[in-house]
Amino acid sequence: MDLVWLEDFLAIAEEGGFSRAAQRRHVTQPALSRRIRSLEEWLGTPLFERSTHTITLTPAGESFRPVAEDVLRRVLVGREEALEMARLKAETITFAATHSLSQTFFPEWIRNSDSARADSAVQLVASNFAGCEKLLLDAQAHFMLAHYHPTLVSRLDMDRFQRVDLATDVLIPISAPAAKPGRGGRSSKKAQPRYALPGASGAPLPYLAYHPGSGVGRLVTSFLAAKDSTAWLAPGFAAPVMLLVDMAREGRGVTWAPMSLVRADLDSGRLLRAGGADWDIPISVSLFRTRARMTRAAENFWNSVRKGRPGGKSIAAAPRTR
């Protein structure tokens with residue numbers, strides 16, 4: 001059954017004849033008659049009384065008319081809805097961001113990028129590095145926002161993907177203080193970390209590690225493996241970065257975290273550095289994309305970000321001193 005047949009049928013019913021309906025439909029009368037016969041054969045019953053000069057609907061035709069009107073209306077409404085969804089999808093920019101960056105970096109950054117995305121909608125999916133990586137590889141996201149370091153092992157080879165660095169940060173080892181801060185912030189004596197690197201072979205430090213799919217975890221693992229001096233660590237817990245920072249605050253062990261995430265804790269003395277600057281890992285906040293052509297909205301956003309990105313901007317300012 002062809003939808004054109006329904007339009008022809010309704011035109012004849014409304015015009016009261018084949019001639020006027022043929023003119024309205026911009027077809028010859030014989031062609032219109034053939035299409036109506038095809039519809040009647042498909043239904044198995046005549047739709048028009050042809051025994052008089054005036055074309056009228058048969059009882060079956062009267063019964064079928066509201067059905068034909070409803071079918072066409074539903075199809076046209078469905079078509080408009082489908083086109084609207086296609087337009088929205090074409091104008092929606094989807095980001096996959098690691099959990100920590102989705103909370104600490106993305107909100108302000110995307111607000112500052114309003115002019116770059118114009119009238120496009122934004123969709124954010126938060127996951128660990130491996131999950132974000134898969135979304136980008138599977139073309140389920142236009143962009144991936146994650147921490148990056150040259151030693152990072154990733155499936156996003158630069159032959160197929162591009163990267164632009166948006167800001168710099170640094171992973172630092174953190175620990176709760178050995179004594180609780182006194183009134184007004186830091187204690188009267190210079191606070192010392194409860195767990196201090198590098199630890200000792202006979203007394204390894206409790207290590208709050210990352211899940212295997214974490215990008216930050218991969219960076220820390222690569223860094224420790226390449227470092228000349230050994231860190232004596234005893235992994236006892238694996239979790240996402242936000243939970244690891246919470247556990248470090250509780251004095252459960254030592255972990256590495258982005259400075260931008262723990263800056264306020266360092267400033268208040270709630271957390272301390274667990275090692276000197278030689279244990280720091282400089283990283284960048286980077287935006288990844290495929291080299292394949294994307295939607296116009298996504299391409300416009302990428303071009304705007306590349307032109308206006310804050311080159312070398314640091315989000316890891318040192319904590320204020322009291």
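Student: What does the side chain of Thr94 make a polar contact with?
Tutor: The side chain of Gln123, at 3.3 Å. A polar contact is a pair of N or O atoms within 3.5 Å; within protein, one must be able to donate a hydrogen and the other to accept it, and residues adjacent in sequence count only if both atoms are side-chain atoms.

Student: Before I go on, where do these values come from?
Tutor: This is a predicted model: local features need pLDDT of at least 70, side-chain atom pairs count only at pLDDT 80 or more, and totals for chains, interfaces and linings use all residues. Residues are numbered from 1 along each chain as its sequence is written, and side-chain values use heavy atoms, with hydrogens and water left out.

Student: Is Thr94 buried or exposed?
Tutor: Thr94 is buried, because its relative accessible area is 9%. The cut-offs are under 20% for buried, over 50% for exposed, and partly exposed in between (1.4 Å probe, protein chains only).

Student: Which strand is Thr94 in, and what does Thr94 touch?
Tutor: Thr94 lies in strand β3, residues 92-98. Helices (H or I, at least four residues) and strands (E, at least two) are DSSP runs, numbered from the N terminus. Leaving out residues up to four places away in sequence, Thr94 touches Gln123, Gln140, Ala141, His142 and Phe143. Contact means heavy atoms within 4.5 Å.

Student: Switching to Gln162. Buried or exposed?
Tutor: Gln162 has 18% relative accessibility, so it counts as buried. Strand β6, residues 161-175, holds Gln162.

Student: Which residues have the most contacts inside the largest nonpolar core?
Tutor: Met144, Leu171, Ile174, Val245, Trp256 and Val262, in a core of 45 residues. A nonpolar core is a set of buried Ala, Val, Leu, Ile, Met, Phe, Trp, Tyr and Cys residues joined through side-chain atoms within 4.5 Å. At least three residues come from each of domain 2 (93-168 + 284-308) and domain 3 (169-182 + 192-283). Those domain bounds come from an automatic or database domain assignment. Apart from this core lies another, of 21 residues, with Leu145 and Met294 among them.

Student: Take Ile174. What is Ile174 in contact with?
Tutor: Beyond neighbours within four places in sequence, the contacts of Ile174 include Val245, Ala248, Val262 and Leu271.

Student: Which residues of α11 are buried?
Tutor: Met259, Leu261, Val262, Asp265, Leu266 and Asp267, in a helix spanning 259-268. They pack against α5, β6, α10, β9 and β10. Just after α11, Gly269 takes a positive phi of about 85°.

Student: Last one. At what angle do α1 and α3 pack?
Tutor: About 110°, with their axes 9 Å apart. So α1 is roughly perpendicular to α3, a label for angles of 65 to 115 degrees (under 35 is roughly parallel, over 145 roughly antiparallel, the rest oblique). Axes are lines fitted to C-alpha atoms, for helices over the stretch in contact, and angles run from 0 to 180 degrees between N-to-C directions.
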